[in-house]
Amino acid sequence: MNLLEQFARHIEFCGFGTVADKETNGNIFWGLMPDAPDTAICVFSTDSGYGGSESGARIKVVVRAKTTKEAYELSQAIADELAEFDGYLAGDGADAHIRVLNASAGLGADGKKRELYSSNYLVHYCNF
């Protein structure tokens with residue numbers, strides 16, 4: 001499992017939705033946010049660093065929802081849950097320290113007038 005998938009699965013473990021895969025419809029994705037569902041969470045890499053590097057890996061979580069309030073509250077709830085996380089990610093038990101770089105910045109609406117919010121994280125990751 002790569003770091004983006006682990007991050008997505010940890011968000012699922014925290015109760016924010018279900019990771020979508022070949023067998024499961026869900027609202028949490030990594031690498032690419034599809035057009036549906038309207039309320040969705042996607043985990044992206046924002047740099048070329050890898051999880052085990054000294055400087056860490058930069059991760060962006062984008063939340064989409066039908067209303068500004070819903071998108072902001074979901075984005076902020078995820079940021080609150082992950083702030084200063086120091087422990088083992090759900091999934092394969094990888095040791096990680098997560099720092100919020102900026103939380104819940106509004107990106108505006110997409111073409112279907114769904115609101116987007118993003119938060120940026122720095123992840124120091126060790127997979128023993």
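Tyrosine 88 has aspartate 95, in strand 5, as its bridge partner. Strands here are DSSP runs of E with at least two residues, and helices are runs of H or I with at least four, both numbered from the N terminus. This is a predicted model, in which local features need pLDDT of at least 70 and side-chain atom pairs count only at pLDDT 80 or more, while totals for chains, interfaces and linings use all residues. Residues are numbered from 1 along each chain as its sequence is written, and side-chain values use heavy atoms, with hydrogens and water left out.

Strand 4 (residues 86–88) pairs with strand 5 (residues 95–109) in the antiparallel sense, over three bridges. Two strands count as paired if DSSP finds at least two bridges between them. Strand 5 also runs antiparallel to strand 6 (residues 115–126), and 11 bridges join them.

Now the turn. Strand 5 and strand 6 form a hairpin with five residues between them. Lysine 113, in that turn, has a positive phi of about 60°. Lysine 112 also sits in the loop between strand 5 and strand 6. Lysine 112 counts as exposed because its relative accessibility is 52%. The scale is simple: buried is under 20% relative accessible area, exposed is over 50%, and partly exposed lies in between (1.4 Å probe, protein chains only). The side chain of lysine 112 makes a polar contact with the side chain of aspartate 35, at 2.5 Å. A polar contact is a pair of N or O atoms within 3.5 Å; within protein, one must be able to donate a hydrogen and the other to accept it, and residues adjacent in sequence count only if both atoms are side-chain atoms.

Next, the interior. A nonpolar core is a set of buried Ala, Val, Leu, Ile, Met, Phe, Trp, Tyr and Cys residues joined through side-chain atoms within 4.5 Å. The largest such core has 26 residues, and those with the most contacts inside it include Phe7, Val61 and Tyr121. Helix 1 (3–13), strand 2 (40–45), strand 3 (57–65), helix 2, strand 5 and strand 6 each supply at least two residues of this core. Helix 1 gives the most, with five. A second, separate core of seven residues includes Ala20, Met33, Ala40 and Leu116.

How confident is the prediction? The mean pLDDT (the predictor's confidence in each residue, from 0 to 100) of the protein chain is 90, and 91% of its residues reach 70 or more.
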